[in-house]
2 protein chains.
Amino acid sequence: MEIKVLKDILSANDQMAERNRAALDSKRVTAFNIMSSPGSGKTSLILETIRALRKQIRIGVIEGDIASSIDARTVGKEKVPVVQINTGGECHLEAGQVGRALESLPLDKLDLVMIENVGNLVCPGEFKLGEHKKVIILSVPEGDDKVHKYPLLFAMADAVVISKIDLLPYARFDVPAFLKALKGMNRKARVFQVSCTTHQGIEQWAKWVRSNTSR
Amino acid sequence: MEIKVLKDILSANDQMAERNRAALDSKRVTAFNIMSSPGSGKTSLILETIRALRKQIRIGVIEGDIASSIDARTVGKEKVPVVQINTGGECHLEAGQVGRALESLPLDKLDLVMIENVGNLVCPGEFKLGEHKKVIILSVPEGDDKVHKYPLLFAMADAVVISKIDLLPYARFDVPAFLKALKGMNRKARVFQVSCTTHQGIEQWAKWVRSNTSR
């Protein structure tokens, strides 16, 4: 019976995700679901993407956090449309919350919506939001063994961004070992190595974003 | 009705947590529940604690991971009793899993059990395990704004360990701002600043562990 309840919730979420997807597609807007641990650099990557592509595509942002509006205020300084979702304790975004956020965004004037999920390398993977691409960020200080420990998100990723690559000299992170582990689980994911401090790798990442935005 | 199911699960967990606590107390064994994001350094802190205190107290370890036994193998090299729990997808440890793990540990020969929870700064806070102390680790590269974004764990912490303090010169982490935010939410938590690479702060941390172990 518990399992039945869980299934009902999931399927309600999936239905809502499909509705989000249809709303996005009808406006020719692409959506990315950006997931990582707390502090891996989701907001920083979103900021870098806006700065790199603001002359080419129109970007809106949905910020998901348990509490606070720190990230929405940071992103808002870039003068792009941004909506903050506070989940009030929940460890992930759900499609219903994103649907309401999409209604607050001027979709007619956007090409891409970047959705920053709650910082959590586990639970967000279980909830579709209606996104076109799933982007997973792993920062160098977190270590290269995370594919084995948190397999779900890495298995479903369309792109994996290794962030804070400028910290490689100061942290134990074996890039070839990580890439090998990832390939064993997910052959299709594109991998980027970036630093939002030195801007290393941002150009390649922005190119991928651009080529995966439908406009 | 959904809420009722959730309540039933929580209360079953709480009952099991009380049973764990009674089993620990009857053997005069202290237990710490160690929680953090993925890659903040839970395993490294456990290793440093074992090395600092192995002549004073007898330590056992419970390793919680969604998948893999990487951490149990690492800790096992220190020749202490260790049990790996694989949650099989679940984003946190529950009291029932810890109860079975405790049965596999030689409690008669231990003073302290360090329980490494699944890497997740949200969900583990909702599930008591029967522990005596809750320890939250936040690593410097994660950033100093995490108290506001992930309030639950910081509010309940008995100790907060700022780890990877050797990375302060390379990351944006305002220690006074973090301490102020933490104090606004939790006045009782002891705070330690440590590096498992340079061993800075380990002695103070180990002293706190020693003085909070009942033996």
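**Reading the model**

Student: How many of the 215 residues of chain A count as buried?

Tutor: A residue is buried if 20 or more other C-beta atoms, placed from the backbone, lie within 10 Å of its own, exposed if 12 or fewer, and partly exposed in between. In chain A, 50% of the 215 residues are buried. This is a predicted model: local features need pLDDT of at least 70, side-chain atom pairs count only at pLDDT 80 or more, and totals for chains, interfaces and linings use all residues. Residues are numbered from 1 along each chain as its sequence is written, and chains are lettered from A and ligands numbered from 1 in the order in which they are written.

Student: How many helices and strands are in chain A?

Tutor: Helices (H or I, at least four residues) and strands (E, at least two) are DSSP runs, numbered from the N terminus. Chain A has eight helices and seven strands.

Student: In which sense do β2 and β3 of chain B pair?

Tutor: Strands pair if DSSP finds at least two bridges between them. Strand β2 (residues 59-65) of chain B and β3(B) run parallel, over five bridges. Within this pairing, B:Val61 is opposite B:Val82 in β3(B). Four of the five residues of β3(B), residues 82-86, are buried.
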